[in-house]
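Me: I would like to learn how to read a model like this one. Please take me through it feature by feature.

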There are 2 protein chains.
Amino acid sequence: MLKEWNKPEMPSDEDRQMRLAKARARLIEQQMQIKEKKIPVLVLVEGWDTAGKGSVIGQVINNIDPRFFKVATMGALTDEERRKPFLYRYFEKIPEAGKFQFLDSGWMDEIIKARLHDGMTEETYAMRIDSIKRFERQLTDNGYLVMKFFLHISEKEQRKRIGGLLNKKDTKWRVNKTDQWQNAHYDQCLDAFDSYLKDTNMPSAPWYIIDAKSRKWTELQLLEILTQGIDIALNNRNMAVPLLQNVFPMAQIPLLSEIPLDKTIDDAEYKKELKELQQRLGELHNRLYRKKIPVIIAYEGWDAAGKGGNIKRITGALDPRGYEVHPIASPEPHEKSRHYLWRFWTRLPKTGHIAIFDRTWYGRVMVERLEGFCSENDWMRAYNEINEFEKELHDWGAVIIKFWVQIDKDTQLQRFTDRQNTPEKQWKITDEDWRNREKWDLYEVAVNEMIQKTSTAYAPWHILESVDKKYARIKALKTVIEELEKVL
Amino acid sequence: MLKEWNKPEMPSDEDRQMRLAKARARLIEQQMQIKEKKIPVLVLVEGWDTAGKGSVIGQVINNIDPRFFKVATMGALTDEERRKPFLYRYFEKIPEAGKFQFLDSGWMDEIIKARLHDGMTEETYAMRIDSIKRFERQLTDNGYLVMKFFLHISEKEQRKRIGGLLNKKDTKWRVNKTDQWQNAHYDQCLDAFDSYLKDTNMPSAPWYIIDAKSRKWTELQLLEILTQGIDIALNNRNMAVPLLQNVFPMAQIPLLSEIPLDKTIDDAEYKKELKELQQRLGELHNRLYRKKIPVIIAYEGWDAAGKGGNIKRITGALDPRGYEVHPIASPEPHEKSRHYLWRFWTRLPKTGHIAIFDRTWYGRVMVERLEGFCSENDWMRAYNEINEFEKELHDWGAVIIKFWVQIDKDTQLQRFTDRQNTPEKQWKITDEDWRNREKWDLYEVAVNEMIQKTSTAYAPWHILESVDKKYARIKALKTVIEELEKVL
């Protein structure tokens, strides 16, 4: 791309002024339309060191109301960020619907630096490219406008700029070693940039190369392309997306109706096993903490199936400093206005920690599907998006344990009635629970489709037969222990 | 893709019947919506030999009114097809808006066979992959639904089928050598298929792998995915597409206003040069005929600029058996209902022949742009689409010569008036010419943008200064000769 790139001809000063005024006026109009039509806009500015990435972002945001944009400079990874998956800090920064997020360099810069300086293997590089393509595709599929700019300058121009900065006392500090290294290895960097741009140049989120020789000319090019991209995005609201076939290896999983629910455990056995298993889990928790393995435990199941009590038996075994339980209710406004996986990305554990989700991202293909909170295209696409999400976590090194807590319809009725009739349990039962119960059969169809389509080899579903809650608790503990022992 | 593919579980007979009835009914409804919303649907069925490609197409079309679909079986290349660009026979078959075109194997099959049997180099293979990605992207960008299916069977199943066919007198003839070769080299073919599917699996036209073990199950899978794809396409009418930056090398070209128009030639010199140049061109025509080089000469220019007379001086030198002139007027209904480049793809010359276009595909970015015959997104995207089109022709080995015949506004007025006042020339001037003339300034903006954005190194524009028509004719002849001499 960079090598085939044709430097556009710089307009005359007068012409540039005119076009600049026009583009700025357009962006000012567009920010209101973006707001109104609820489009999230992610602007990624990458490029050579000293090409003026920060500077052009500063120019562009002059035309946007401060309530509508954020700017982030992605520097070197913090210690905290190193303990999260590679995409974490980028996913965390995706904008809300109707707002702009500008990134002063991002995932491209991180990968190229790792490839050039930290000896990233070709294999890891190829994995990262796949991750990025999935990440960007998930954003555009979910209605994000992703505009990617690369600010290009020549080796000579870069040398001149570095020299200029070094020559003044006030600016000397701004030149760092990688700037100088980059200039000294310009051709090598050019190759790395070029192949990255080619590898990630997707029709739905293409790269735009900007001639960054002059500050004002840079601003004009970026503004013109950005406003053009926004026009296209404004036109494309409510677009549907072709569904992709699953490409991940799957694990066998039965239909809900095929699961025998008569399994029980007697009280003495329960107490004995509980004690032993919790002690074992506590030991494993220590070991995974030391080995820095992240663990994600996801709970889904029918209302009154016994998720809460089950989770307590897991957490009862754990050191409180090393785990967190995330109860997932309906999304807050700031969560609803982002990609539906955002609130899970931001709740991921650090390496060595356990995150337990009481209800999960699978809401997309259950309640959101059945209540019409998202479009058909949205939830049909979600199986693949979720498999990709969990693949990302798996590749990061996480252990993913997904539980479906299963009871039958009669058991639920009995537990609902019991809750209703027991004063101290009444808070646990709501009208919504009864309404959901009426949709049991529809839910069963959705749950079956969900477990069939998302039981991947790297993140299979585990069924917890919970008519006897104690049986389910013991099985959960055993499953967690077994999965952790595989990696410890 | 094939290697990661998960064989879906075959439903029970009863379940299959029910789903089949539903999918068929849906397709019957959809054909009317496809017709109404004017969506062209291209269904490509690829797969292993004996997997049942023709058979499943036969099943699917049972649900479609014969007026709304066509089926083509793409066999080995004919001699005629070998003399056209690689994509020619596929582009020629793209459906009209509102209709289905089924292809029983296509460009995938052709490329894989060439790679496995005809020693296609890795370099050519990579070029073909790029061509295909551009081809499919151009179709989906222009509103086509492109559904790609790969019918998958195991080595054992294929062996069984071939054996079954060979065992009966009636069916023995249906087994050919490549079928048997494919089975004997199943793993090698699997590798080739797998990498092809990966290379061309674009989000806007993804691959769907079908378990083709049973005939009825194959039909159900294909119908369900097809109807799902159609639903998405129906939702996506009037979608705009992100604009891609040009990646082809460009040639310098001046603005129209910078071209001096005072160039002339005296009569004696004209006659002498005309004779010599035409003789030279005649010789070159013979040589390119023998060397089988295809030539495409494109004429664009102002009304009354002298295109017709100019073309005559070229054709006057040529052997009538080796060239064709294509006068391009507004498209016929069957042309208008296809990709705008279709009527040019289908008029391409054979190798060794010359095609002269009197007006061209550049209508997209001139009259269609200015008269609103296409959307803004359509014509803005067209610069790149046209560069890609000409790149395809160039890679095929064609010489592409593009003329812009330039006059000034006063000269046009004089010629219009002259035509109006001369009885035998009156047919040459219409009200439309006068209306176009009123839009001269808008056209000039469009033409400047056009020549700047499409003057590629492999297909640059040549300006013919035609205030003195004779000067323009001599320059055209010289240019054609010069370009042909480069390759002869």
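Predicted model: local features only at pLDDT ≥ 70, side-chain atom pairs only at ≥ 80, totals over all residues.

**Symmetry, sheets and rings**

Reply: Chain A superposes on chain B by a rotation of 180° with 0.0 Å of shift along the axis, at an RMSD of 0.0 Å. That is the relation of a two-fold axis. Residues are numbered from 1 along each chain as its sequence is written, chains are lettered from A and ligands numbered from 1 in the order written, and side-chain values use heavy atoms, without hydrogens and water.

Me: Which C-alpha of chain A is nearest the axis?

Reply: In general, two copies of a chain are related by a rotation about an axis and a shift along it. Here, the C-alpha of Met239(A) is nearest in chain A, 3.6 Å from the axis. Both copies use the same surface: 100% of the contact residues of chain A recur in chain B. Contact means heavy atoms within 4.5 Å.

Me: What is the strand order of the open sheet in chain A?

Reply: Strands of a sheet pair through backbone hydrogen bonds, either parallel or antiparallel. In chain A, 5 strands form an open sheet in the order 2-3-1-4-5, with parallel pairing. Two strands pair if DSSP finds at least two bridges between them. Strands (E, at least two residues) and helices (H or I, at least four) are DSSP runs, numbered from the N terminus. Strand 2 (69-73) and strand 5 (207-211) of chain A are the edges, each pairing on one side only. Neighbouring strands are turned by 20° against each other on average, direction ignored.

Me: How many bridges join strand 4 to strand 5 of chain A?

Reply: There are 5, and the two strands run parallel. Lys148(A) stands opposite Trp207(A) in strand 5 of chain A. Helix 2 (residues 53-61) of chain A packs on the sheet, touching strand 1 (41-47), strand 2, strand 3 (100-104) and strand 4 of chain A. The direction of helix 2 makes about 160° with that of strand 3 of chain A. Axes are lines fitted to C-alpha atoms, for helices over the stretch in contact; angles run from 0 to 180 degrees between N-to-C directions.

Me: How many aromatic pairs does the structure hold?

Reply: Over all chains, 50. Rings of Phe, Tyr and Trp (its six-membered ring) pair if their centres lie within 6.5 Å; planes under 30 degrees apart count as stacked, over 60 as edge-to-face and the rest as tilted. Trp345(A) and Phe389(A) form a tilted pair, 5.5 Å centre to centre with 55° between the planes. Trp345(A) lies in helix 14 (residues 342-345) and Phe389(A) in helix 16 (residues 376-396) of chain A, so the pair ties together parts 44 residues apart in sequence.

Me: Are Trp345(A) and Phe389(A) buried or exposed?

Reply: Trp345(A) and Phe389(A) are both buried. Buried means under 20% relative accessible area, exposed over 50%, partly exposed in between (1.4 Å probe, protein chains only). In chain B, Phe357(B) and Trp361(B) form an edge-to-face pair, at 5.2 Å and 75°. Phe357(B) and Trp361(B) are buried too.

Definitions and conventions
Least-squares fit on C-alpha atoms with pLDDT ≥ 70 in both.
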